[in-house]
Structure formats: C-alpha cells, structure tokens
Amino acid sequence: MRAARQRVILCCCRHWYLVLGSIPCHWGDGGIAEGLPVPALAWGEVGGKSWSLVCGGAGGQGTLWPGLMGLCPSSLLQILSNARLFLENLIKYGILVDPIQVVSLFLKDPYSWPALCLVIVANVFAVAAFQVEKRLAVGALTEQAGLLLHVVNLATILCFPAAVALLLESITPVGSVLALMVYTILFLKLFSYRDVNLWCRERRAKAKAAPAGKKANGGAAQHPVSYPDNLTYRDLYYFLFAPTLCYELNFPRSPRIRKRFLLRRLLEMLFLTQLQVGLIQQWMVPTIQNSMKPFKDMDYSRIIERLLKLAVPNHLIWLIFFYWFFHSCMNAVAELMQFGDREFYRDWWNSESVTYFWQNWNIPVHKWCLRHFYKPMLRRGSSKWVARTGVFFASAFFHEYLVSVPLHMFRLWAFTGMMAQIPLAWIVSRFFQGNYGNAAVWLTLIIGQPVAVLMYVHDYYVLNYEAPVAGA
C-alpha cells in the first residue's frame with residue numbers, strides 16, 4: 001500500500017523532470033492500485049464471454065528508485081523555481097484564497113438547489129430501467145419492446161438534464177457540470193446493466209434449448225446470485241454507487257471495512273480539495289484573467305507566454321485532481337461498500353504512446369468502452385480502426401457535452417481535442433519510440449489542457465461580458 005502511494009506521489013513530481021528537457025525515467029510496469037485479496041467470484045461469465053473486473057497485482061518495483069535518484073536534482077531546481085513564482089504571485093496579488101466564495105459557484109440562490117434536485121430525479125430513470133428488466137425477465141415484454149424502452153430511457157437521461165441546464169437560469173455552470181456528470185455516469189451504468197441482463201437471458205435461452213445431457217454437465221453454479229435473482233433494488237443501487245461502470249451479477253467483495261485506511265482516504269480528500277481550491281483561486285484565476293487582453297489584441301507572443309505560464313499550475317492541479325479522485329475518492333467509496341476491485345488506474349505516466357495513456361489512466365471508463373463498445377463493434381464486423389475511432393468519437397461527444405452545455409455555448413474545442421488524439425496517436429507511435437514517446441505524451445498533457453482552458457474561458461468571457469457591454 002505504501003509503495004502504491006509513493007508511486008502516485010512520485011508521478012506528480014515526474015513532469016518537472018520533463019519540463020527541464022530531460023529524458024523521463026521508467027518506474028516499472030507493475031500494477032499500482034491498492035487492492036485486497038478477492039475470491040474467484042470476481043470473474044463473471046456472461047453470454048459465453050469471460051470478464052474480469054479484478055485488479056492486477058501490486059506488482060514489481062521495476063526501476064523505481066534509480067529513476068528517483070536521477071529525478072531529484074531536476075525536481076529540486078524546479079521546486080525552487082516555482083517557489084519563486086509562488087512568492088511573486090503572493091507579493092503581486094496578495095492572498096486571494098476565499099473558501100466562502102466557492103459556495104457561489106454551486107448556488108445562485110441559497111433557497112434554490114436545482115443541481116441537487118436534478119440528481120434526486122435521476123432515481124426515476126434508474127427505477128425505469130429496473131422495471132423494464134423485471135418485465136423482460138418474466139416474458140411480459142418482448143426483446144424489441146424492451147430495447148425501445150431502454151433507448152428512450154437512455155436518450156432521456158442525456159437530454160433531460162441538458163435541457164434543464166440550458167433553460168433554467170438559477171443553475172450555475174459548476175452545478176450543471178456536477179449534475180451532468182451524475183447523469184453521464186448513470187447512462188453508462190444503465191447501458192451496462194441492460195447489456196449484461198440481455199446476455200443472461202440469451203444464455204438462459206441457450207441452456208433451455210440444450211439437450212438434457214448438456215444441461216446436466218453444465219457445471220455447478222459458481223456464483224451465489226444468478227439471473228434473474230439479481231433483479232432487486234438492493235443489487236441495482238449497490239451497482240449504482242459502486243466505483244465501477246461495468247455491471248456484474250457478483251462483484252468481488254472485501255471481507256471488512258478497514259477503518260484506518262478509510263480515515264486516511266477521507267483526510268486526503270479533505271486536504272486535497274482545499275489545496276485545489278487554493279491553487280485555482282491564487283494561481284490559475286489571475287493568470288487566466290490576465291490572458292484576456294492578449295487574446296483580445298491578438299498579441300500572439302503574449303498569448304504563448306500566458307499559455308506557458310498557465311501550463312504549470314494547470315498541470316499541477318490536474319495531477320492533484322487525479323490522485324484526489326482516482327485514488328482517494330474511489331478507494332474511500334470502495335472501502336465503504338466493501339468493493340474488492342481497486343484497479344482504478346495503471347501506470348499511465350510510463351506511457352510511450354497516446355493509446356497506452358488512454359488505456360491506463362481511467363480504468364473504469366476503459367473497461368466499459370472495451371466491453372460495451374469496442375468489442376461489440378468488432379463482433380459486428382467493424383475493423384479495429386473503425387472501432388477505435390468510434391470509441392474516441394463517443395468520448396469526444398461526452399467531453400463536449402460536459403463542457404458546452406453548462407457554459408451555454410458550443411465551440412467544439414473539447415470535441416476537437418479528443419478527435420485530434422487519433423492522428424496524434426499515429427504520429428507519436430510512428431515517429432517517437434521509448435522515452436521520446438513518453439516525453440511526447442507528457443508534452444501533450446502539459447500543453448494541450450491549458451490551450452482548451454484558455455479557448456473556453458476566452459469565448460465565455462466574450463459571450464457573457466463583452467457582448468452585453470457592447471449591446472448596452
């Protein structure tokens with residue numbers, strides 16, 4: 001567990017090594033998720049296909065410590081350099097951190113909670129999907145009718161919160177983002193819920209049609225729950241709150257709740273939340289505000305200077321957010337629910353290609369895409385390139401959905417950025433190998449995100465502040 005935490009913390013320092021122009025070191029290929037021993041129930045076999053949601057081993061140490069020795073001198077210089085920038089920021093702007101101001105990002109009116117109401121209403125769609133599955137299990141609905149009802153339900157899950165966010169003036173952009181994220185997760189989970197139950201019905205139909213001898217040799221039940229006994233509200237809501245997007249009839253479970261482990265994760269969540277808010281208010285907001293004039297004047301040298309200045313705090317906050325969400329938050333939820341699969345990320349910082357990065361930095365989404373999108377497309381006769389492009393297209397849609405709808409503007413910067421990963425992946429794999437490929441991946445992470453941030457902030461500023469002034 002300590003080694004896993006060290007690896008994640010060290011990855012937050014690794015990009016300083018890259019910024020100074022040095023070749024990044026490799027830290028080994030071992031898994032890093034903090035896991036618990038899980039039973040054989042972690043393997044689910046549905047529809048003749050085997051799916052494993054169990055994490056990999058906490059694996060080899062690789063060349064972690066030699067890499068660290070080479071990293072230290074560069075990191076020390078970078079830390080001193082950024083300490084000077086931080087002091088300069090304090091001298092120039094004073095202390096800008098105001099935790100109370102954060103509340104206004106979520107609420108315009110303390111007596112109106114539209115985002116929370118949207119989240120509560122999401123239960124209606126979950127119950128609707130459950131009721132459809134119950135009726136399909138007993139034959140009260142045909143498969144075609146069930147598919148139609150699921151499609152309508154899933155389409156409404158995406159359209160309803162978007163319509164509320166666009167039409168309701170009392171909801172804030174931050175509140176809209178959180179509500180839309182909840183509905184997006186619900187969409188992915190219910191999509192998986194429908195698919196797995198469909199595979200179970202197909203398997204049950206094949207078992208009934210099989211000769212008696214084959215039925216007898218089918219093997220004893222490996223799981224304590226079988227279809228349709230899984231169709232209960234308890235099972236549904238366990239899945240909805242579990243830190244996974246892929247449904248299983250039997251999830252791997254840990255034997256107990258480790259109180260000290262849970263307390264550490266909760267303290268990390270509290271501390272890192274405050275740290276992110278402080279860095280955004282103190283470091284990012286002034287830099288973004290000072291970037292508006294160069295954009296307005298189209299002063300390209302100043303724009304590039306502001307972009308590079310924003311890249312450092314933006315990337316640092318992104319790394320902190322990664323640790324906060326994928327390690328602290330998801331492990332805390334998993335511990336509370338005694339969820340045994342703790343592989344939420346792999347060693348994406350060792351990525352020597354863009355493809356490897358996207359396959360390893362967000363394991364729950366990667367498993368969902370592989371299980372419910374990529375492999376089904378291959379089985380329908382699509383080529384790997386078409387299936388991969390389809391996955392990036394879906395990801396681009398959801399990225400744009402989560403940004404454009406809350407901001408009430410459609411500029412397609414997030415969509416373009418995600419679709420650009422396809423040619424970028426080809427370029428990196430074709431012309432950059434080994435450590436050079438790793439450096440290229442880190443460079444796109446450090447520079448790419450600030451470009452998108454500045455583009456959206458600039459367009460939002462022009463649309464909401466300059467346009468009303470010009471009209472007046």
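Contact here means heavy atoms within 4.5 Å, and helices (H or I, at least four residues) and strands (E, at least two) are DSSP runs numbered from the N terminus. The structure is a predicted model, in which local features need pLDDT of at least 70, side-chain atom pairs count only at pLDDT 80 or more, and totals for chains, interfaces and linings use all residues. Residues are numbered from 1 along each chain as its sequence is written, and side-chain values use heavy atoms, with hydrogens and water left out.

**Exercise 1. Overall make-up**

State how many helices and strands the protein has, what share of its residues is buried, and what share of the contacts between residues at least 6 apart joins residues at least 24 apart.

Step 1. The protein contains 17 helices and 2 strands.

Step 2. Of its 472 residues, 45% are buried (under 20% relative accessible area; exposed is over 50%, partly exposed in between; 1.4 Å probe, protein chains only).

Step 3. Among contacts between residues at least 6 apart in sequence, 79% link residues at least 24 apart.

**Exercise 2. Annotated transmembrane regions**

Find where UniProt places the feature "transmembrane region", and describe the chain over residues 113–133 and 410–428.

Step 1. The unreviewed UniProt entry gives residues 113–133, 145–168, 174–193, 266–285, 385–404, 410–428 and 440–458. UniProt positions are in the numbering used here, feature names are shortened, and annotations may be inferred rather than shown by experiment.

Step 2. Residues 113–133 are 95% helix and 0% strand, with 32 Å between the end C-alpha atoms.

Step 3. Residues 410–428 are 79% helix and 0% strand, and here the end C-alpha atoms lie 29 Å apart.

**Exercise 3. Packing of H4 against H5 and H6**

Work out how H4 is oriented relative to H5 and to H6, and which kinds of residue make up the contact with H5 and with H6.

Step 1. Axes are lines fitted to C-alpha atoms, for helices over the stretch in contact, and angles run from 0 to 180 degrees between N-to-C directions. Under 35 degrees counts as roughly parallel, over 145 as roughly antiparallel, 65 to 115 as roughly perpendicular and the rest as oblique.

Step 2. H4 and H5 (residues 143–167) pack at about 175 degrees with their axes 10 Å apart; the two helices are therefore roughly antiparallel.

Step 3. On the H4 side the residues include Phe 125, Val 132 and Glu 133, and they meet H5 residues including His 150, Asn 153 and Phe 160. This contact of H4 with H5 divides into 12 nonpolar, 4 polar and 2 charged residues (Ala, Val, Leu, Ile, Met, Phe, Trp, Tyr, Cys and Pro are nonpolar; Asp, Glu, Lys and Arg are charged; the others, Gly among them, are polar).

Step 4. H4 and H6 (residues 173–209) pack at about 10 degrees, with their axes 10 Å apart, so H4 is roughly parallel to H6.

Step 5. Contributors to the contact include Ala 122, Phe 130 and Glu 133 of H4 and Tyr 193, Arg 194 and Arg 201 of H6. The contact of H4 with H6 comprises 17 nonpolar, 2 polar and 4 charged residues.

**Exercise 4. Glu 133**

Step 1. Glu 133 is in H4 (residues 114–137).

Step 2. Glu 133 counts as buried because its relative accessibility is 0%.

Step 3. Tyr 193 is 60 residues from Glu 133 along the chain, and their C-alpha atoms are 9.0 Å apart.

**Exercise 5. H8 and its aromatic pairs**

List the buried residues of H8, then classify the pairs Tyr 238 with Phe 251 and Phe 239 with Tyr 247.

Step 1. Asp 235, Leu 236, Tyr 238, Phe 239 and Leu 240 are buried in H8, and their cover includes H4 and H6.

Step 2. The structure has 34 aromatic pairs (rings of Phe, Tyr and Trp, the last by its six-membered ring, with centres within 6.5 Å; planes under 30 degrees apart are stacked, over 60 edge-to-face, the rest tilted).

Step 3. Tyr 238 and Phe 251 are 6.1 Å apart centre to centre with 45 degrees between planes, a tilted pair. Tyr 238 lies in H8 (residues 233–241) and Phe 251 in the loop between H8 and H9 (259–289), so the pair ties together parts 13 residues apart in sequence.

Step 4. Phe 239 and Tyr 247, at 5.1 Å and 70 degrees, are edge-to-face; both are buried.
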